[in-house]
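Have the viewer open and follow along.

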Amino acid sequence: MQKSTLLFLLVLLSAAAYHIGRRRSLQVAGGTVRSLHSLPSYYGYYAALWCGIPALLVLFLWTAFENSIVIQLVVSALPEELSSAPPDRIGLLVNDIRNVASGAVAGEIEPAVEAAANHYLRLKDTSNRLLSVLATFVAITGAAYARQRISKEHRARNHVEKSITVFLIVCSTLAVFTTIGIVLSVLFESIRFFKEVPITEFLFGLDWSPQMAIREDQVGSSGAFGAVPLFVGTLLISLIAMLVAVPIGLLSAIYLSEYASSRFRATAKPLLEILAGIPTVVYGFFAALVVAPFVRDLGARIGLDVSSESALAAGLVMGIMIIPFVSSLSDDFINAVPQSLRDGAYALGATQSETIRQVIIPAALPGIVGGVLLAVSRAIGETMIVVMAAGLTANLTANPLAAVTTVTTQIVTLLVGDQEFDSPKTLAAFALGLVLFLATLALNIIALHIVRKYREQYE
Amino acid sequence: MKVRERISEASFNREYSHTVGEITSPNSRIVCRNVNVYYGEKHAIQDVGLDIGRNEVIALIGPSGCGKSTFIRCLNRMNDTIPGCRVTGQIVLDGQDIYDGSLDVVPLRAQVGMVFQKPNPFPKSIFENVAYGPRIHGLVSSKAELEEVVETSLRRAGLWDEVKDYLHQPGTSLSGGQQQRLCIARAIAVNPEVILMDEPCSALDPIATAKIEQLIDELRSHYTIAIVTHSMQQAARVSQRTAYFHLGRLIEVGETAQIFTNPRHQLTEDYITGRFG
């Protein structure tokens, strides 16, 4: 039986178990539902859970271990001269056997391999049959056990709700474990990288040129992994972005929350937030095709030498992208300043601008700072715009008119195209990723801490 | 004998037939006539006429939603900050109609200070809280003068001895009663002529309340004070005149002793004897 058919069968069995459990509960209740501990449907779910979950577990475990066990059996049944080969040879052989078994090989087939392939198919078939029988048996036994447990006093509802809780816990931990898994994989790959390139060279080296020489006589491939130019480039672009986003975002938030009429606000705020919904790749080609040439031409007109992939262009566009983050968070925090503080200032005869500058902004400042830090971490991690607009040259410069590159851009270029997973060039991407992750994590933690502290003050 | 007044629906410019008692004060400083306040469609205050005298504490009492807070917020035009609020009628302070189009609200609010229900110190130091008003109005020319104003204001508010060593702590670090006295100090630092208090003790415990009440009594010698309160004992303790509001109308006004011992209007009597409210 196919696994999907088996799965379908198990679902059917569970549905049947639900009805059996429900009927049984009504039976033991003698027609008066009130004498039961739980509602009849809970007894139904109880039976269905007992029927489905153990059988699904069997199915899951069997599927997980089936392949390796079958392969082991096939390998051990191979003729002596084949099974004594080194492990990597055996790996290739197993691949051959599988291909033959699935009929994907044309032409000459070694008789030993063909025999092994047949053996493999037979084992698979047996295993499938065994699984079907076992899973069905477990399902029926489970349902029978549950049916037998049902009595007036039996607390079916508590059992069902307990299993729902467990299910919810599993769902929530899944996301957490995925994150931990990603972090660990980045961490271990980075450690491998740091075995080949010293961590001090990576963090403090001033030269970034990750192309490795494959042949002795290759030129221009020094394989230098000093990441400082990347950090500087990232910071430069983020700085330009923040110089654009913070004043515009903050001032528009002040206007929207303090001066604008409610009708204007109701229209303008969603429009501003649309900026946050534009895909970053759209910003990217906007930066590369519109802003960068514009900046270059403008520079040429006033006699400045501007690179066509300048940090300025990428930073400007990134700043525009971040405006809604800054303005929307600042707006929330300005609105969270209690009306009583505004009243207090107005009652002293303060004008609106005095109230805003001297009372409201200082009161909202911790929240605004938190919002800005969140925006910075967003800017540092932003990839698409800088890949398209910032260039690939690892210049160590603070000149916004020159081409620079960023951490994210380099990760993309290191992992695009053909690559070997044991070369420092590829592993460097993981090290860069780790640095990026730690930086944004630290910024987020600090920002959230500030924001939370501020919230406690007024609620 | 009680006078049972019929609440008339007639409008403007007539005798205040729904108000019992003497609305004028021997030494009037604020004169209100035909004051109506609308919040959008809602007619929150109807045809109120009332005088507030020099060196007098007037208590405004009445059940919740009767318009007493709205009324005192008219006196320094704080209602301007509420969208959809409209005020008609005349409110004259020292001969100047404060709702006149040519009047600037900034000096008006410096002249008529206000203390709110909940203490609302700014998120600044104690010193800066008090110094804020004098600074924005340019009342002082030197640092020494500013320090003097801060000290005098804090002394008058009865807070100086408690905070003189902590002037640079944040104002929000004080207790509720201290914060409220800080707000009073902040209000008197701009040297106003009138102080409006909107339930200044409702968030305070009895000891802090007693301190504030004592303070109000002392401040009377310098200022004209209007206080909104839900506590009838408080009204009886601190005020010379009392005005009773009901559903947006001024029902009765008179000497505090008379209002509390011998109210002339049935609604006033019902309220102060605790039959409702």
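Let's start inside chain B. Eight of the 11 residues of helix 3 of chain B are buried, so this helix is largely enclosed by the rest of the structure. Keep in mind that the model is a predicted one. The buried residues of helix 3 of chain B are B:I126, B:E128, B:N129, B:V130, B:A131, B:Y132, B:G133 and B:P134. What do they pack against? Their partners are helix 4 (143-156), helix 5 (160-163) and helix 6 of chain B. After helix 3 of chain B comes B:G138, which has a positive phi, near 60°.

**Where the chains meet**

Helix 3 of chain B also turns up at the contact with the other chain. In total, 22 residues of chain B are in contact with 14 residues of chain A. On the chain B side, the elements giving two or more residues are helix 2 (105-111), strand 6 (112-115), helix 3 (126-136) and helix 6 (176-188) of chain B. Helix 2 of chain B supplies the largest share, four residues. Sorted by class, that side of chain B has 12 nonpolar, six polar and four charged residues.

| Strand pair (chain B) | Sense | Bridges | Residues opposite each other |
|---|---|---|---|
| Strand 3 (57-61) and strand 8 (224-228) | parallel | four bridges | B:I58 and B:A226 |
| Strand 1 (28-39) and strand 4 (85-93) | antiparallel | eight bridges | B:Y38 and B:R86 |

B:N34, in strand 1 of chain B, has a positive phi of about 50° although it is not a glycine. B:N34 counts as partly exposed because it has 17 C-beta neighbours inside 10 Å. B:R77 sits in the loop between helix 1 (68-75) and strand 4 of chain B, and again we have a positive phi, about 55°, in a residue that is not a glycine. Is B:R77 buried or partly exposed? With 19 C-beta neighbours inside 10 Å, B:R77 counts as partly exposed, because a residue needs 20 or more to be buried.

**Over to chain A**

Chain A splits into domain 1 (3-154) and domain 2 (222-458). Taken over C-alpha atoms, the centres of domain 1 and domain 2 of chain A are separated by 52 Å.

Now for the nonpolar cores. The largest has 164 residues, and the members touching the most others are A:A287, A:A314, A:V317, A:I385 and A:A389. Helix 11 (residues 311-336) of chain A gives the most to this core, with 16 residues. Look at A:A389: beyond its neighbours within four places in sequence, its contacts include A:G284, A:A287, A:A288, A:A292, A:E309, A:A313, A:A314 and A:V317. Apart from this core lies another, of 23 residues, with A:I20, A:Y42, A:A143 and A:I150 among them. In soluble globular proteins, nonpolar side chains tend to be buried together.

Notes. Residues are numbered from 1 along each chain as its sequence is written. Chains are lettered from A and ligands numbered from 1 in the order in which they are written. This is a predicted model: local features need pLDDT of at least 70, side-chain atom pairs count only at pLDDT 80 or more; totals for chains, interfaces and linings use all residues. Two residues are in contact if their C-beta atoms, placed from the backbone, lie within 7 Å. Ala, Val, Leu, Ile, Met, Phe, Trp, Tyr, Cys and Pro count as nonpolar, Asp, Glu, Lys and Arg as charged, and the others, Gly among them, as polar. Domain bounds come from an automatic or database domain assignment. A nonpolar core is a set of buried Ala, Val, Leu, Ile, Met, Phe, Trp, Tyr and Cys residues joined through C-beta atoms within 7 Å. A residue is buried if 20 or more other C-beta atoms lie within 10 Å of its own, exposed if 12 or fewer, and partly exposed in between; C-beta atoms are placed from the backbone. Two strands pair if DSSP finds at least two bridges between them.
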